[in-house]
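Please look over the model below.

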Amino acid sequence: MDMFLGDDEKAAQFEALAMPHLDAAYNLARWLTRNEHDADDLVQTAYLRAFRFADSFRGGDVRAWLLTIVRNTYYTSLRDGLSRHSDVSFDEELHGDAAHDERQDSEDPASIAARRDASRSVNQALEQLPQAFREVLVLKEMDDLSYKQIAQVTEIPIGTVMSRLARARKMLLAYLQPGMAGD
Amino acid sequence: MECKQSQEYMSAYLDGELGPSESAQLSAHLEECRQCRSMQDELRALRALVAGGATRYAAPEHLKHRIRAAIKTEQQREAATRAPVRAGARERAGGFTRWPWAWINLGLTGLSTAAFAVTLTLYLQQPSGEDQLEQELVASHFRALMPDHLSDVVSTDQHTVKPWFAGKLDYSPPVYDLAQQGFPLIGGRLDYVNHRPVAAMAYQHRKHILNLYVWPVGGKSAQATTTSTPRATSHQGFQMVRWRQGDMEFSAISDVNGQDLAEFARLLRDHGAATTSAP
């Protein structure tokens, strides 16, 4: 972006660039921090940082760029001890189904209950994964990033992305099917 | 392909990220290995489960507003550091706004500040009228101390010195002999001070020379004047006392100490008062 643009233009330009990816940024932040308050703070900090460094964005994948900033901001805040609730365990009753309930009110109760159970166990299993495995799974399964993009966001080689994803899925299977895939 | 390797590649295979030759090898292995096929099914199911079951969190509505507010705050903070030029620059046309106005402004501010400082310094260094006069008196006194400059008429007699001035000046300065009080008159001369010829009288006190300059009060202030109290100053080690008595300005200068000079000034003023009150 141009350094000498007016403030309003610069803000509008940034908004057009970054706001469409706010949900993706928030989802990653939410899965990294595992609670709403930290996710809010993390995304706000990351977006402000992105705004500051918008001049250095030279085109390309905006979403991957923003997710990279979210992730870096998260690890920076961890290192600086700024994260307030990073070790708080997932509160299923409070947060587990909120996002789904809104979309599923037309389904019959039995299928809602079944999906709620499935959703609950998948969420719980994901919560239990170590951070490094959880983040590649989220980026792959929810953001549908390619291995190359994941490598860019997480700053690890593609080969490592591949093996980490394979390992993450194996661990997830072990959590979801105790006794079955626990070899 | 071994089962171990097959299990390593399976995940990437399902993601469509495996290279063509590895993909071919893996599908060949799956044809003949039931165990790996069941693992493939498990992984497929898992992907479906995660895709359908894991929560995709949507950003809450307030987050957008918080971010906008944070950006605005950031911009205001930024703008505060370059406030003066920004508002004006934004309204002007394209190329103009691209000038580094913050730096230009800073430079101009610096220049005008420097110019003001120089002006102020020059103004403060400019000697006032009084200072200039006193510098002239110091210079005159100093010149008088050089050989053969002290007196044009050498006399200890006030009745010789006073008439000597007549015809040389357009006024008649009071001349007193203060030998009795320790300040004998040595002589008189003409000098040029304050843009006019003035009467200068040399007195002595012990080994010290005192110069007394007398000239009439000039200009508009003439009517307003009465007697003023002596004002003592010091210039380059010389003591100076100046006062006004009647319609005459008196300036005494010497290297005697301040007390002796004040005494000299007092004696002269007493004489002056006695003369005018008893014509």
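In which hand, left or right, does helix 2 of chain A cross helix 8 of chain A? The crossing is right-handed. The model is predicted.

## Helices 2 and 8 of chain A

Two packed helices are described by the angle between their axes and the distance between the axes. For helix 2 (residues 22–33) and helix 8 (residues 131–142) of chain A, the angle is about 150° and the axes lie 10 Å apart. Angles over 145 degrees count as roughly antiparallel, so helix 2 of chain A is roughly antiparallel to helix 8 of chain A.

Helix 2 of chain A brings N27(A), L28(A), W31(A) and L32(A) to the contact. Helix 8 of chain A answers with R134(A), E135(A), V138(A) and M142(A). By class, the residues of this contact are 5 nonpolar, 1 polar and 2 charged.

## Helix 10 of chain A against helix 3 of chain B

Another helix pair spans the two chains. Helix 10 (residues 158–176) of chain A crosses helix 3 (residues 34–53) of chain B at roughly 85°, and their axes come within 11 Å. The two helices are therefore roughly perpendicular to each other.

R169(A), L172(A) and L173(A) form the chain A side of this helix contact. They meet E42(B), L43(B) and L46(B). The contact has 4 nonpolar and 2 charged residues, and no polar ones.

## The contact between the chains

Chain A gives 34 residues to the contact and chain B gives 32. On the side of chain A that touches chain B, at least two residues each come from helix 1 (7–18), helix 2, helix 3 (36–52), helix 6 (98–101), helix 7 (109–128), helix 8 and helix 10 of chain A. That side of chain A divides into 21 nonpolar, 6 polar and 7 charged residues.

## The sheet of chain B

Chain B holds an open sheet of 7 strands, in the order 1-2-3-4-7-6-5. The pairing is antiparallel. Strand 1 (153–154) and strand 5 (228–235) of chain B are the edge strands, and each pairs on one side only.

Strand 6 (residues 238–245) and strand 7 (residues 248–254) of chain B run antiparallel and are joined by 7 bridges. In one of these strands, strand 7 of chain B, S251(B) is the bridge partner of R242(B). Helix 9 (residues 158–165) of chain B packs on the sheet. Helix 9 touches strand 1, strand 2 (185–193) and strand 3 (196–205) of chain B. The direction of helix 9 makes about 20° with that of strand 2 of chain B.

Conventions:
Residues are numbered from 1 along each chain as its sequence is written. Chains are lettered from A and ligands numbered from 1 in the order in which they are written. This is a predicted model: local features need pLDDT of at least 70, side-chain atom pairs count only at pLDDT 80 or more; totals for chains, interfaces and linings use all residues. Axes are lines fitted to C-alpha atoms, for helices over the stretch in contact, and angles run from 0 to 180 degrees between N-to-C directions. Helices (H or I, at least four residues) and strands (E, at least two) are DSSP runs, numbered from the N terminus. Angles under 35 degrees count as roughly parallel, over 145 as roughly antiparallel, 65 to 115 as roughly perpendicular and the rest as oblique. A crossing is left-handed if the near helix is turned anticlockwise from the far one by less than a right angle, and right-handed if clockwise. Two residues are in contact if their C-beta atoms, placed from the backbone, lie within 7 Å. Ala, Val, Leu, Ile, Met, Phe, Trp, Tyr, Cys and Pro count as nonpolar, Asp, Glu, Lys and Arg as charged, and the others, Gly among them, as polar. Two strands pair if DSSP finds at least two bridges between them.
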